[in-house]
Amino acid sequence: MNRIYITREIFSWHVSNDSCTYAMQADWKRPYEYLDLAYRTLNNHLDNLELIDCVSNLKRAIDHRIKKISSDYKFKRLNVFNYSKGDLDKLTQLGLAKPAMLHQIRAIRNAIEHQFSEAPNKTRCSELADFTWYFLRATDEITRSMPTDIQFCDSYIPGIDTKIWARFVWNTYTEALWSKMEFISNLQIKHVCFDQTEGYIPIDEVYISKHDRNLQNPKLDEKGISELEPDTILTIAGIYNFEDSSAHNIVQAYFNCDRGV
């Protein structure tokens, strides 16, 4: 038994993250250096022409942050999962940013650079600087630490372990992001199907045993599972290969889970 199918019902369960890596946090503070320069210009300028530098540094802060997130989280690989090609569009689709103000800053900066337009007044520049600060704060966490797992639980009570859960784990040492994740779960037989079925998630290289906290139970085959009661809990391990439409759900869950780290 090399492949089984898990119900997509798990995507309606509570989703959380319990582990992360800090290996990619280099340069995460650089946008704040650009923002500080912008505020310094805003507070000390003697001529409105100097506010051009303020807007330029706000754009640099935003662009640096977006490029870092795009690089760290391999945004180009998300194109095959029906995400937009633009990085800012992806941030919006993933629920990480609201684009209106970011587009305005870019548009103002481009108008100044290419059309020799005047910089906005001090009040407007102050608003843009504050919105840039909010954008950086909103994306600080995902820039500093990258989740290495997501866990779906059928019932969620803080501080209490649930019996039924499914966990996707990214091995940062051996696997590229969005190519493969380890799958570990305690699921009931009713959550599992052995034939390809619409609404189910393919899991490969599976190992299934009857769940028991105190015993290492032997591997079960399809016949052995069919002889168990429907509410029997199975411990299932395998690999998810991002080969079906469930990949989009997993990506969304990855970026929008409750982070417990």
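# Close-up views of a predicted model

View 1. In E5, Gln151 is the bridge partner of Ser16. This is a predicted model. Ser16 also has a bridge partner in E11, namely Asp258. E2 and E5 pair over three bridges, in the antiparallel sense. E2 and E11 pair over two bridges, in the parallel sense. Strands of a sheet pair through backbone hydrogen bonds, either parallel or antiparallel.

**View 2. The open sheet.** Nine strands form an open sheet with mixed pairing. Their order is E8-E1-E9-E10-E7-E6-E5-E2-E11. Strand E8 (192-193) stands at one edge and strand E11 (258-259) at the other. Each has a single partner strand, so one side of each is left without a neighbour in the sheet.

View 3. Strand E1 covers residues 3-7. Two bridges join E1 to E8, and the pair runs antiparallel. Here Ile6 stands opposite Val192 of E8. Towards E9, E1 is joined by five bridges, again antiparallel. Tyr5 has Pro202 of E9 as its bridge partner.

**View 4. Strands E9 and E10.** E9 and E10 run antiparallel and are joined by five bridges. Asp204 stands opposite Ile239 in E10.

**View 5. Helix H7 across the sheet.** Helix H7 (residues 246-256) lies across several strands. They are strand E2 (14-17), strand E5 (149-153), strand E6 (165-169), strand E7 (181-188), strand E9 (200-210), strand E10 (233-240) and E11. H7 runs at about 100 degrees to E5.

**View 6. Helix H1 against helix H2.** Two packed helices are described by the angle between their axes and the distance between the axes. The axes of helix H1 (residues 30-44) and helix H2 (residues 51-72) come within 8 Å. They cross at roughly 165 degrees. H1 and H2 are therefore roughly antiparallel to each other. The crossing of H1 past H2 is left-handed. On H1 the contact is made by Arg30, Pro31, Tyr32, Tyr34, Leu35, Leu37, Ala38, Thr41 and Leu42. H2 contributes Leu51, Asp53, Cys54, Asn57, Leu58, Arg60, Ala61, His64 and Arg65. By class, the residues of the contact of H1 with H2 are eleven nonpolar, three polar and four charged.

**View 7. Helix H1 against helix H5.** H1 also packs with helix H5 (residues 122-144), at an angle of about 160 degrees. Their axes are 10 Å apart. That angle makes H1 roughly antiparallel to H5. H1 passes H5 in a left-handed crossing. H1 makes the contact with Pro31, Tyr32, Leu35, Tyr39 and Leu42. H5 makes it with Lys122, Cys125, Ser126, Ala129, Asp130, Thr132, Trp133, Leu136, Arg137 and Asp140. Nine residues of the contact of H1 with H5 are nonpolar, two are polar and four are charged.

**View 8. The whole chain for reference.** The chain has seven helices and eleven strands. Its C-alpha atoms fill a box of roughly 80 × 35 × 30 Å along the principal axes. The radius of gyration of the chain is 24 Å. A compact globule of 261 residues would have one near 18 Å.

Terms used
Residues numbered from 1 in each chain as written. Predicted model: local features only at pLDDT ≥ 70, side-chain atom pairs only at ≥ 80, totals over all residues. Heavy atoms only, no water. Axes fitted to C-alpha atoms, helices over the stretch in contact; angles between N-to-C directions. Helix = DSSP H or I, 4+ residues; strand = E, 2+ residues; numbered from the N terminus. Parallel < 35°, antiparallel > 145°, perpendicular 65-115°, else oblique. Left-handed = near helix turned anticlockwise from the far one by under 90°. Contact = heavy atoms within 4.5 Å. Nonpolar A, V, L, I, M, F, W, Y, C, P; charged D, E, K, R; others polar. Pairing = 2+ DSSP bridges. Rg over C-alpha atoms; globule rule 2.2 N^0.38 Å.
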